[in-house]
Each structure stands twice: as C-alpha cells, then as structure tokens.
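Please open the model in your viewer and keep the selection tool at hand. The tour moves from one selection to the next, and at each stop the text says what is to be found there.

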Amino acid sequence: MDDLLTEYFQSEKLKAAFEAYERQKTDFLQQGEPKVQMGVDGISYQTFKKELDLRCQFLSNRLLQGTYQFYTFREIEKDKPSGGKRILSIATIRDVIVQKVLYDAIYKEIEKDFQATPILDKVSCAYRKGKSAPYAANLIHHYIKQGFIFALDADIVKFFDRLSHEYLFEIIVRKFGQDTLATKLLKRFIKTGGLPHKNQRGKIYSYRFFHHRKPILNNQRIIRTQGIPQGGVLSGMLANLYLHEFDCWVINDLAKKYTLRYVRYADDFVILLKQQELIYLVHQEVAQKLQDIKLELHTDEKKTKHVDIAQEFLEFVGFQFTLEYIKIKPANILKFQERIVKKINKEPSYNTGEDFKRRFRFFIKCVINRKVTGRGEQICDTCGGVLGERVKSWMGFFMVITDIQQIRELDKWIRKEISQHFYKKYKLRLKKSDFKNAGLITLEQEYYRLRKRKSCSCEKCNSSSGAINDSNPVQDTRVRQPLCWNFILSIIERIFKKLFAL
C-alpha cells in the first residue's frame, strides 16, 4: 500500500485531482469561477490555482516524507432535512486534494471487504462507486414486492459526531498495518480539530474572514476526541469501514435467526421482515449490537420507527414507498419547487430584450430546460450510448420512481408558475401550445428518456450488477449489452429512422 501511495502522491496526480475538483465545483448555468470554499488557512481558489505547480510539488514532498498534517477544519452549521442541525467541516483546498487522492489510492483495498460476498456488496449503498440512494430505493422496492412489508426504519444517534476513535483506529490498523503511511494519514485526518463557525461573542465568521485575518486557533480550536469530520470524501469511506462489522453481523448472524432483508445508506438503515411480531425482537438485538461498537440507536419514535407498509408510507433516502410504488418524498418535491420559484423570480434580471415572447423562449430554453436535464451528455456516434460519466440532475436521481403521476402534476405546476409570472410581469398570456413551441422539456419526457438511456458499449465496462434475481435484486442501469448486439441494434434503428424520414 505504501508503494501505491508513493505513486499516487506524485505532483502530477495531485494537480489532476485539483482540476477534477475545479470541474466539480463549476456551475454550468452561471458564468464565473468555480465555487470553491476557503478553509481556515485563508488561501483562496484564485491564489491556489495561480501557484498550482509549486503548491502540488510542496504537497507531494510532505506526503512522501510522511510529515503532512491536515489543517484545522472550518465548521459550519447546516439544517438537516429531518430537523435539527448538522455540523459540516470545510477543509482547506490543499486538504481537499489530499483527501481525494488518498481516497482513490485506498478505495479498491477497502472495497475488497465490502464485496466479500454478493449479498454483503448490496447492503452498503452510500459513498461507494456504483451505489447510490436510487440503488437503495430499487432494492427496498424489490424486497417489498417479495413480501417484506414490515420495516424497522432505524437511525443512529449523532453517528458522525460520536464514532469511537479507539474502535476506528483498531479497524484501520488491522486493514493497513501499524506504521504504514495510509494508517498515519487516516489517523491524522480523524484527529484533526475544527474551528467553530462562531467566535466567542457569538458572531458568525463570514466566508472571507480568513482571507484577511486568522482567529487565534489555540483559544478556539475544538480538540476532536470522538467522531470524524463530516463533509469530505474520506468521511463516508471511514463511516462505511466503521459499520462494516455491523453489516456482517446482520447478514451472517441476525439473518440466520430471522428471515429479513437489510439496506443501509450511511448511518440510516432499514431492516425488512415478513412478520410484524418480529420487529420488536430485531429492534432489541440491533440496539444491543450497536452498543457493542460504541453507538446508540435513536429511541425517539420519529427517528427509529416500526412501519407496516400496507398501512403507511416508508420514507428512506428521499423516497417514499408503498406496496405498489416508489414515490418522491413530498419534502423533496417542495425543495424542487422552491428552486424553480427562485429561477422564475430571477427572470427579469436576464438581459434578453424587450420582446416578451423572446424573453419567454429564452427562459424556457436556457433556464428551465437546463434545470430539468442538467448540463447534457456526450453521445457516442457508433452505438448511441452515453460517453463517460452520466450527468447528475434532479430527475436523474428520481428516475427510479414508479408513480408517474407525481411528475405529471409537477409539470403542470411549472407551467402554471411560469404563466402567472409572465402575465403579472409582462401581461403575456401563455397557452400549453406556447410551451411546446418554445421547446419545453417536461419532467415526464426526461423521465422516459433517462429510463431508456444506455451507456456506451464501445468501451470496456466495469459493471458489477446483473438482472434481477434472488442473489442480485437490482438491475444496474450501467450494465451494457455486448458490443456486437448493441452495434447491430443501432444500425437497424438508424435504417428505420432514415426510411421513416423519407
């Protein structure tokens, strides 16, 4: 592993990691620089990029010598969807790069444990390549169809804030060795303290505060004795590593006593059963096992619930489940509507002339359509599949839902809000045909397009999931057909299109 890290910690690798981070933080709908947050060191994105070669060489030397130390995190508060506050740790730009490179270097080694068996590979759905919240939703929907309709919907108390360092260090040492470079860096990352988002007088530090002056870290810095920084790529990987023993226990021990299905996304998990009377027994054993690994299951019924899916919704990872459907959680629909309203309110600021119909067409094409589809995808000319990584979008996330009526109603709402705006602002009356003529891409259209979309089959794929069956209950959309079959189908499709065009 140290030899591998030596390869990854070269200056060119660090520079490539910065450029990837830069692209990730670029808002394709807005002009301007990437939205890269500043850390406690006060080094701005502009300064770091200007001195990129020098800084990457400096980082490489420190990492290879084993003397690299992570800088104190800038901690901020964010509202949690379920209520309450979450503390996020904002790293310096240099630490973000180091985290990303270290993550890439050790990812395959950690994945060996998570992929030890086909069943174990499915249960952990967060912070892993090829796994996601929609993947977890598909699993749960399939299990409900199999008759597992009684759920223990569980949540762990302040998981990221209360992880036991002693227990986590034991896991890391067993995995990477006592004095290896990987172990040293991971331990330093875990122990790195934070700076509160407010000073001692209760004033919130602004974004640019650290660029002009630095607070006295010795007086205000939080010493981390438990928990891990939340917000970086290493945090999710370490969380999965911490809960791996619990995953194994559920699959190998608990599942032998009770017929169950288990899905975990970060610190939230669902255990599904066919018999309602078993939920309480499973609940007690799960709570005890979590105590054994220094964690606590929520006792609040709003956090940890027993759900009869025949009588009420099961809500998990942004989705809502019934016996028949996967739906979008209402709170997520509301968030999407709020974003659309912000876009509509911003419409008068666009400099698109005095022709109101022209303003309307511009708004549909350049704002609403981009919001619906994301930045677009590169299509292969040979097979018609998507090249490279698929672009993320709101509809792309929720494309696994099976209740199409939800997005039809949302499409109606979007047209209504836009119509009201253009009438109030410009006295322009709009019909449904006007939206069609302007080229509006509806959520329903995008939903069906995404479900038919295939990845490029001209390149070697690394898919790991197959057709739905008892051993592999999710059809991964990344699974490609063989090259020759896709090529033949694409040729036939093009011939038909030309014939119908004539």
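Select Gly177, the residue that follows helix H9, and look at its backbone, where phi is positive, near 100 degrees. The helix and strand labels used on this tour are DSSP runs, numbered from the N terminus, with H or I runs of at least four residues for helices and E runs of at least two for strands. This is a predicted model, in which local features need pLDDT of at least 70 and side-chain atom pairs count only at pLDDT 80 or more, while totals for chains, interfaces and linings use all residues. Residues are numbered from 1 along each chain as its sequence is written, and side-chain values use heavy atoms, with hydrogens and water left out.

Now select H9 itself, which has 12 residues and reaches 16 Å from its first C-alpha to its last, close to the 16 Å expected at 1.5 Å a residue; the expected span is 1.5 Å times one less than the number of residues. Which residues of H9 are buried? They are His165, Tyr167, Leu168, Phe169, Ile171, Ile172, Lys175 and Phe176, where buried means under 20% relative accessible area, exposed means over 50%, and partly exposed lies in between (1.4 Å probe, protein chains only). These buried residues pack against H5, helix H10 (181-191) and H13, contact being counted when heavy atoms are within 4.5 Å.

Step back to Ser164, in the loop between H8 and helix H9 (165-176). Ser164 is buried, with a relative accessible area of 13%, and, leaving aside neighbours within four places in sequence, it is in contact with Tyr242 and Lys294.

Next, select Lys158, which sits in the loop between strand S3 (150-155) and helix H8 (159-162). Most residues other than glycine have a negative phi. Lys158, although not a glycine, has a positive phi of about 40 degrees, and its relative accessibility of 48% makes it partly exposed. A second residue of this kind is Ala266, where phi is near 60 degrees, a positive value in a residue other than glycine. Ala266 is found in the loop between strand S5 (260-265) and strand S6 (268-273). Is Ala266 buried or exposed? With a relative accessible area of 7%, Ala266 is buried.

Go on to helix H13 (residues 233-257) and pick out Asp247 within it. At 2% relative accessibility Asp247 counts as buried, and, apart from neighbours within four places in sequence, it is in contact with Leu120, Val123, Ser124, Tyr262 and Arg264.

Then select Val286 in helix H14 (residues 279-292), a residue that counts as buried at 0% relative accessibility. If you leave out residues up to four places away in sequence, Val286 touches Leu152, Phe246, Trp249, Leu254, Phe269, Ile271 and Leu297. Val286 and Trp249 are 37 residues apart along the chain, and their C-alpha atoms are separated by 9.6 Å.

Move to Val400, in the loop between helix H17 (394-397) and H18. Val400 is buried at 13% relative accessibility, and among the residues it touches, not counting those up to four places away in sequence, are Pro134, Phe319 and Arg451. The C-alpha atoms of Val400 and Lys327, 73 residues apart along the chain, are separated by 8.8 Å.

Display helix H16 (residues 356-373) together with helix H18 (residues 405-426). Their axes come within 12 Å and cross at roughly 145 degrees; axes are lines fitted to C-alpha atoms, for helices over the stretch in contact, and angles run from 0 to 180 degrees between N-to-C directions. Where the two helices meet, Phe356, Arg359, Phe360, Phe363, Ile364 and Ile368 in H16 contact Ile414, Ile418, Phe422 and Tyr426 in H18.

Finish at helix H2 (residues 11-24), whose 14 residues should span 20 Å at 1.5 Å a residue, in agreement with its end C-alpha atoms, which are 20 Å apart. The buried residues of H2 are Ser11, Leu14, Ala17, Phe18, Tyr21 and Glu22. Seen down the axis of H2, these buried residues fall within an arc of 140 degrees, so they line one face of the helix; the arc is that of the directions from the helix axis to the C-beta atoms. They pack against helix H3 (45-50), helix H4 (52-65) and helix H5 (93-114), whereas the face of H2 turned away from its buried side carries the exposed residues Glu12, Arg23 and Gln24.
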